[in-house]
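Subject: Structure handover

Dear colleague,

Here is the structure for your files. My notes on helix packing, domains and the ligand site follow below.

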Amino acid sequence: MTQGSSTVPRTAGDMLRMAREFLQKKGVEEWRLEAELLVAHALGLDRLRLFLALDRPVGGAEIDRARDVLVRRGRREPTAYIVGRREFYKRDFQVGKGVLVPRPETEHLVDRARELAAELLVARVSADGANRGGASSAGALWIADLGTGSGCIALTCALELPGARVTALDVSGAAILCARANAAALAPEGALAARVEFVEGDGLAELARLVCERGTRVDLLLSNPPYVAREDAATLAPEVKDYEPELALFAPAGDPDHWVRRLLDAARALVTPGGALLVELGAGQAPRAAELARARGFEPRFVRDLAGIDRVLEVRVAP
Ligand SMILES: C[S@@+](CC[C@H](N)C(=O)[O-])C[C@H]1O[C@@H](n2cnc3c(N)ncnc32)[C@H](O)[C@@H]1O
């Protein structure tokens, strides 16, 4: 897209066509969608407005910006880092280097958390009602998200479940900063401040401290922990391997089941009776997770993703 050459776009529509061709040639899988996102970003528009402005002439600075973002994408930098955001559960989450880009499969974990929250609230209202002779008031649910990253799980739960209190934990300072920024952007004027807290530090140690201090356990413990085995690093796409944070990708101690094991071991101490633990899994991890759960006296259930992979482990803590 160099000015002066025969391939200079004259309009936003030209620019979009050329971006599509470039990304397709570079082997970008979702070239159509990503060209739209990148061109819209270069022109300071959202995708819808881009389609309403295809005849709009483009200037030199815009062409330079488009060229810059396409070159970055051509070098396999994720589009989410280039445009600074990714959609999750129909909301825009800011992301940047040092923070995992939210994945669509993680939405299954949120779906299941919402179902369980509704179930737990109904149980609580009826128990409360029975205790008070019919005049019921359900206490707020307490949800923890261990390894919150951008805050996509924690904040979506807080926004979808207005009665819930949410604790978002991460050992990465960059992640906590990003999650806080997302809370401010998604619910302006501090609307979530009273219900969402952010805690930087080792997730299990910090949650154990809070549970002990408060004398109450969480209703739902949610986690999408790092679960890639180091030896699988070579199989990752360059977008992931070369750009996303190692701390968010790779399971500690060379053990892809590290977090499943630790979360199961901690579940009874941290989750209230009747509550649940939901953990996102990698492809092929479910049979091992089932065995680990059964060995600890839990009956595992799995939520399948759209690709048919058992993506989320669910265990309930016996009432
Ligand atoms: C796979 S990412 C998930 C991010 C986000 N929840 C999502 O679904 O997009 C895992 C996250 O766990 C965090 N993490 C790694 N070790 C941790 C620990 N010991 N305690 C708390 N968080 C940890 C990483 O910093 C990273 O943000």
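Helices (H or I, at least four residues) and strands (E, at least two) are DSSP runs, numbered from the N terminus. Axes are lines fitted to C-alpha atoms, for helices over the stretch in contact, and angles run from 0 to 180 degrees between N-to-C directions. The model is predicted: local features need pLDDT of at least 70 and side-chain atom pairs count only at pLDDT 80 or more, while totals for chains, interfaces and linings use all residues. Residue numbers start from 1 in each chain and follow its sequence as written.

Helix pair α7 and α8

Helix α7 (residues 152–160) and helix α8 (residues 173–186) have axes that come within 10 Å and cross at roughly 25 degrees. α7 is therefore roughly parallel to α8 (angles under 35 degrees; over 145 is roughly antiparallel, 65 to 115 roughly perpendicular, and the rest oblique). Ala154, Leu155 and Leu159 of α7 are in contact with Ala179, Asn182, Ala183 and Leu186 of α8 (C-beta atoms, placed from the backbone, within 7 Å). This contact has 6 nonpolar, 1 polar and no charged residues (nonpolar: Ala, Val, Leu, Ile, Met, Phe, Trp, Tyr, Cys and Pro; charged: Asp, Glu, Lys and Arg; polar: the others, Gly among them).

Helix α1 and its partners

Helix α1 (residues 12–25) packs with helix α2 (residues 31–43) at an angle of about 135 degrees, the axes being 9 Å apart. The two are therefore oblique to each other, and their crossing is right-handed.

The axes of α1 and helix α4 (residues 60–74) come within 11 Å and cross at roughly 15 degrees, so α1 is roughly parallel to α4. This crossing is right-handed. Met15, Ala19, Phe22 and Leu23 of α1 meet Ala66, Leu70, Arg73 and Gly74 of α4; by class, that contact has 6 nonpolar, 1 polar and 1 charged residues.

Domains and ligand

The chain is assigned domain 1 (12–75) and domain 2 (106–316), with bounds from an automatic or database domain assignment. Their centres, taken over C-alpha atoms, are separated by 36 Å.

The ligand is surrounded by 22 residues, and the closest are Gly147, Gly149, Gly203, Asn224 and Ala248 (C-beta atom, placed from the backbone, within 6 Å of the ligand). α7, β4 (165–170) and α11 (246–249) each give two or more residues to this shell. By class, the shell has 12 nonpolar, 8 polar and 2 charged residues.

Regards

Note on methods. Two residues are in contact if their C-beta atoms, placed from the backbone, lie within 7 Å. A crossing is left-handed if the near helix is turned anticlockwise from the far one by less than a right angle, and right-handed if clockwise.
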